[in-house]
Amino acid sequence: MIIALAGFMGCGKSSVGRELSRQNGWEFVDLDRVIEKYAGKRIADIFAQDGEFCFRRQESQCLYRILEYQGESPLVLSLGGGAPLLNSHTLHEKCVCIYLEATYEDIIAHLGSLEDSKRPLLSEKSIRQKLAERAPIYQEMAHYIIKVGGKSVAQIAQEITEQLKD
Ligand code: S3P
C-alpha cells in the first residue's frame with residue numbers, strides 16, 4: 001500500500017510524511033528528493049536550466065517508478081505540489097490519497113517570507129491563483145481530506161493514522 005500525501009507547496013507534506021512513517025514504522029519517500037537524485041541537481045536548478053516541462057517529465061518518470069512499490073510495509077509518499085497535475089487519476093487508483101488542505105493563510109505562515117523561499121514556482125501573486133486551480137484536482141484525487149490549519153505535524157500524522165484505520 002502506498003499512502004500519497006498531496007497538497008499545495010508549504011502545506012507540510014514532507015514533514016507530515018516523515019512523521020507519519022516514524023509514528024507507524026512505515027517506509028517513507030519524498031518525490032522531490034527522488035527527482036533531485038535522479039537528475040543530479042536541485043529542483044530550482046532543474047526549473048532554471050531545463051524548464052518546467054522537463055521537470056514535469058522527470059517528476060512523472062520518478063513517480064511511476066515509485067508506484068511499482070510492492071513492499072510488505074506501507075510506503076508513505078510525499079508528493080510535490082504539482083505532481084497530481086498530470087497524474088491524479090493514476091494516483092487515485094494506485095494509492096490511498098490524502099489531501100493536506102491548507103488555506104492561503106496557512107501556506108504563507110508555513111513558508112515564511114516569500115523572498116526566502118527556494119520554491120521556483122512561488123510568487124505572491126501566483127499562490128492564490130495556483131491554489132484556486134489546484135484545489136479541485138487535489139479534492140477529486142483524495143480519498144481523505146485533512147485540514148492542516150492550527151495543527152502540529154504530529155497531530156496531523158495521528159489524524160491520518162486514525163482515518164486509515166476506518
Ligand atoms: C511544485 C512543488 C514543489 C516542487 C516543485 C514544483 C509545484 O514541491 O515539486 O518546486 O508545482 O507545486 P513542494 O510542494 O514539496 O514544495
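Helices (H or I, at least four residues) and strands (E, at least two) are DSSP runs, numbered from the N terminus. The structure is a predicted model, in which local features need pLDDT of at least 70 and side-chain atom pairs count only at pLDDT 80 or more, whereas totals for chains, interfaces and linings use all residues. Residues are numbered from 1 along each chain as its sequence is written, and side-chain values use heavy atoms, with hydrogens and water left out.

Ser14 belongs to helix H1, which spans residues 13-24. Accessibility is expressed as relative accessible area, with buried meaning under 20%, exposed over 50% and partly exposed in between (1.4 Å probe, protein chains only). Ser14 is partly exposed because its relative accessible area is 25%. Between Ser14 and Leu77 the C-alpha to C-alpha distance is 8.6 Å, although 63 residues separate them in sequence. Glu133, in helix H7 (residues 124-141), is likewise partly exposed, with a relative accessibility of 46%. The C-alpha atoms of Glu133 and Leu85 are 9.9 Å apart, at a sequence separation of 48 residues.

Tyr99 is part of strand E4 (residues 96-101) and counts as buried because its relative accessibility is 3%. Tyr99 is 53 residues from Ile46 in sequence and 26 Å from Ile46 in space, C-alpha to C-alpha. Thr103 is located in the loop between E4 and H6. With a relative accessibility of 39%, Thr103 counts as partly exposed. Thr103 and Ala39 are separated by 64 residues in sequence and by 32 Å between their C-alpha atoms.

Charged side chains were considered next. Side chains of opposite charge can pair when their charged atoms come close. With a salt bridge defined as a side-chain nitrogen of Lys or Arg within 4 Å of a carboxyl oxygen of Asp or Glu, a search of the whole structure returns 9 salt bridges. Arg56 takes part in a salt bridge with Glu52, in which the closest N and O atoms are 3.0 Å apart. Both Arg56 and Glu52 lie in helix H4 (residues 52-66), with 4 residues, about one turn of the helix, between their positions. Arg56 is buried because its relative accessible area is 9%, whereas Glu52 counts as partly exposed at 34% relative accessibility. Arg56 also forms a salt bridge with Glu59, at an N to O distance of 2.9 Å. Arg56 and Glu59 are both in helix H4, 3 residues apart, about one turn of the helix. Glu59 is buried, as is Arg56.

In helix H8, Lys165 and Glu162 are 3 residues apart, about one turn of the helix. A salt bridge joins Lys165 to Glu162, the closest N and O atoms being 3.3 Å apart. Lys165 is exposed because its relative accessible area is 60%, while Glu162 counts as partly exposed at 46% relative accessibility.

Asp30 is situated in strand E2 (residues 27-30). In assigning charge, Lys and Arg count as positive and Asp and Glu as negative, while His and the chain ends are not counted. Asp30 is buried but has no salt bridge, and the nearest side chain of opposite charge, that of Arg33, is 4.1 Å away. A polar atom of the Asp30 side chain lies 3.2 Å from the backbone nitrogen of Asp32.

Pockets were identified on a 1 Å grid over the protein atoms alone, a pocket being an open set of points where a 1.4 Å probe fits, with protein on both sides within 12 Å along at least five of seven lines. Grid points are joined across faces, edges and corners, and a volume is the space filled by probe spheres set on the points. The second largest pocket holds about 160 Å³ of space. Its lining, consisting of residues with an atom within 4 Å of a point, comprises 13 residues, of which Cys11, His110, Val148, Lys151 and Ile156 are the closest to the pocket centre. Helix H6 (104-111) and helix H8 (153-165) each contribute at least two residues to the lining of this pocket. By class, the lining has 5 nonpolar, 6 polar and 2 charged residues, where Ala, Val, Leu, Ile, Met, Phe, Trp, Tyr, Cys and Pro count as nonpolar, Asp, Glu, Lys and Arg as charged, and the others, Gly among them, as polar.

Notes: Polar contact = N/O pair within 3.5 Å; in protein donor to acceptor, adjacent residues only side chain to side chain.
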